[in-house]
Amino acid sequence: MTEPTALAPYVAILGRGQGRARSLTMPEARAAMSVILSGDAAPEAIGAMLMLMRMKGEVAEEIAGLTDGARAALALWTGPAPAVDWPSYAAGRTRGQPWFLAAAKLVAQAGYPVLMHGWNSHQATGASVRAALADVGIPQVPWADAPGTLAQTGIAYVPLEALCPALLNLLRLRDVLGLRSCINTVLRMLNPANAPIALQGVFHPSYRELQRDAALLLNQPGLRVLKGGGGEFEHHPTKDITLHGLQDGAIWEGQTGTVLSGHQRLSETDSTLADVWQGRIQDPFAMAIIISTAALALEACGIADPARLARDLWLRRHDAKAA
């Protein structure tokens, strides 16, 4: 039975007024998410809570609590944990091809199983993530099939609507409210199969520290957060970008380095992911994006010379032994 006032105490905490309002604690945020996902919350209260949090600015305790509550609502993962969690939730309206998919495939071919999950509001466009999955041989599967697929292929992509329809409904409130909410961040933090390494892209630099600090509260061992192409975990090869994250459960910071010079935008190429992956087109810029992104992921996995391995994996990407 729906209790329309079930979320009211948490809205009140956030909106009591100047001098009285405060952020939610981690347990409060977890409880609030549990109420929302159980269906025991009025839609007006959900919108009020999300927009109050946006106006004041989310804190790590809130993101960690909301994420923990969201994880508790998921069906259990039934297989060994993947090595890498790779979410994809950027809007990406101005970005080009999803080159990061090829990087994820290389990481899987290196022997580090990768679980991808996501939703992108530009799904209907030619450069959409889902349209490009098949170009690099990444299977799209239901949540229940993901453990078996991962064991067979080393990589799988689970659509958010197959992972948790209620979370997709929360995410799509952006269409109603006209603004993004903390749900975008929660989904990047979700790590539904409890992978020891999480790779997260952001569009706004301030979210790097927020997601790092929330991951620390959630006891995430390894994390890399990158201000990447279109908000994805995708490196621009001409930019030396600061990475924030965790290493062995402790706060870590590093630089991406650069592998090319120049000022080319990620979208300034007519090449497609399929043509570059299949070798029909030799596009040095696209290949540099893929290889440098894969190297960042491999470094997070503990590889001593990740750039060298990433280049070797690229050259051997069609070798049966690499798949």
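# Reading helices and strands in a predicted model

Student: What makes helix 5 (residues 100-109) count as largely enclosed?

Tutor: In this predicted model, 10 of the 10 residues of helix 5 are buried, so the rest of the structure largely encloses that helix. The buried residues are F100, L101, A102, A103, A104, K105, L106, V107, A108 and Q109.

Student: Why is A103 called buried?

Tutor: A residue is buried when its relative accessible area is under 20%. A103 has 0% relative accessibility, so A103 counts as buried. The residue belongs to helix 5.

Student: What is A103 in contact with, leaving aside its neighbours within four places in sequence?

Tutor: A103 touches W86, I290, T293 and A294. Contact here requires heavy atoms within 4.5 Å. A separate value concerns V136: its C-alpha lies 9.6 Å from that of A103, and the two residues are 33 apart in sequence.

Student: What follows helix 5?

Tutor: G111 follows helix 5, and its phi is positive, near 100°.

Student: How do you know that strand 1 (residues 84-88) is mostly covered?

Tutor: Five of the five residues of strand 1 are buried.

Student: Which strand order does the open sheet have?

Tutor: Its seven strands have the order 3-2-1-4-5-6-7, and the pairing is mixed. Strand 3 (155-159) and strand 7 (250-255) are at the edges because each has a single partner strand, so one side of each has no neighbour in the sheet. Ignoring direction, neighbouring strands are turned against each other by 20° on average.

Student: In which sense do strand 6 (residues 242-247) and strand 7 pair, and over how many bridges?

Tutor: The two strands are antiparallel and share six bridges. H244 is opposite E253 in strand 7, and Q247 is opposite A250 in strand 7. Strand 6 and strand 7 make a hairpin with two residues between them, and D248 in that turn has a positive phi of about 55°.

Student: How many bridges does strand 5 share with strand 6?

Tutor: Strand 5 and strand 6 share three bridges, in the antiparallel sense. V225 has H244 of strand 6 as its bridge partner.

Student: Which residues meet where helix 4 and helix 12 touch?

Tutor: Helix 4 contributes A60, E61, I63 and A64, which meet L210, D213, A214 and L217 of helix 12. Sorted by class, this contact has six nonpolar, no polar and two charged residues.

Student: What makes helix 14 oblique to helix 15?

Tutor: The axes of helix 14 (residues 284-300) and helix 15 (residues 306-315) come within 8 Å and cross at roughly 130°. Only angles over 145 count as roughly antiparallel, and roughly perpendicular ends at 115. That makes helix 14 oblique to helix 15. Helix 14 passes helix 15 in a right-handed crossing.

Student: Which residues make the contact between helix 14 and helix 15?

Tutor: From helix 14 come M287, I290, I291, A294, A295, L298 and E299, and from helix 15 come P306, A307, L309, A310, R311, L313 and W314. By class, the contact of helix 14 with helix 15 has 12 nonpolar, no polar and two charged residues.

Notes
Residues numbered from 1 in each chain as written. Predicted model: local features only at pLDDT ≥ 70, side-chain atom pairs only at ≥ 80, totals over all residues. Heavy atoms only, no water. Helix = DSSP H or I, 4+ residues; strand = E, 2+ residues; numbered from the N terminus. Nonpolar A, V, L, I, M, F, W, Y, C, P; charged D, E, K, R; others polar. Pairing = 2+ DSSP bridges. Axes fitted to C-alpha atoms, helices over the stretch in contact; angles between N-to-C directions. Buried < 20%, exposed > 50% of the residue type's maximum accessible area, 1.4 Å probe, protein only. Parallel < 35°, antiparallel > 145°, perpendicular 65-115°, else oblique. Left-handed = near helix turned anticlockwise from the far one by under 90°.
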